[in-house]
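Okay, everyone, thanks for coming. Let me put my protein up on the screen and walk you through a few spots.

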Amino acid sequence: MHVKKMIAPIVITVLMLLILGSQVGVYLWLEEPDISWLVIVLGVGIPLLCAGVSISVLIERIKEIRSGEEDDLSQY
């Protein structure tokens with residue numbers, strides 16, 4: 001029954017990755033000569049960093065679900 005608890009974090013992470021990936025795609029697709037390289041590096045780097053953090057949080061959440069550890073809020 002742990003599969004049902006894993007669905008929401010996985011769906012949210014996939015949606016987050018799609019949004020961040022589309023933002024990276026837009027920055028890489030833009031070929032405006034007026035845009036500074038710093039803006040492009042930040043526009044690509046920050047979403048990629050956020051995507052990495054999202055994946056690591058998903059992995060930790062899946063480990064918590066598999067170990068049977070529930071949310072702290074459910075104890076109150």
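This is a predicted model: local features need pLDDT of at least 70, side-chain atom pairs count only at pLDDT 80 or more; totals for chains, interfaces and linings use all residues.

Residues are numbered from 1 along each chain as its sequence is written, and side-chain values use heavy atoms, leaving out hydrogens and water.

So, Ile12 and Thr13. Ile12 is found in helix H1, residues 2-29, and Thr13 is found in helix H1 too. Helices here are DSSP runs (H or I, at least four residues), numbered from the N terminus.

Is Thr13 buried or exposed? Thr13 is buried, with a relative accessible area of 11%, whereas Ile12 is exposed at 52%. Buried means under 20%, exposed over 50%, and partly exposed in between, with a 1.4 Å probe and protein chains only.

What does Thr13 touch? Leaving aside residues up to four places away in sequence, Thr13 touches Ser54 and Leu58; contact means heavy atoms within 4.5 Å. The Thr13 side chain also reaches the backbone oxygen of Pro9, at 2.7 Å.

Now the salt bridge, meaning a side-chain nitrogen of Lys or Arg within 4 Å of a carboxyl oxygen of Asp or Glu. The count comes to 1: Arg61 meets Glu64, 3.2 Å from N to O. They're separated by about one helical turn, because they sit 3 residues apart in helix H2, residues 37-67. Arg61 is partly exposed at 22%, and Glu64 is partly exposed at 30%.

Terms used: Helices (H or I, at least four residues) and strands (E, at least two) are DSSP runs, numbered from the N terminus. A polar contact is a pair of N or O atoms within 3.5 Å; within protein, one must be able to donate a hydrogen and the other to accept it, and residues adjacent in sequence count only if both atoms are side-chain atoms.
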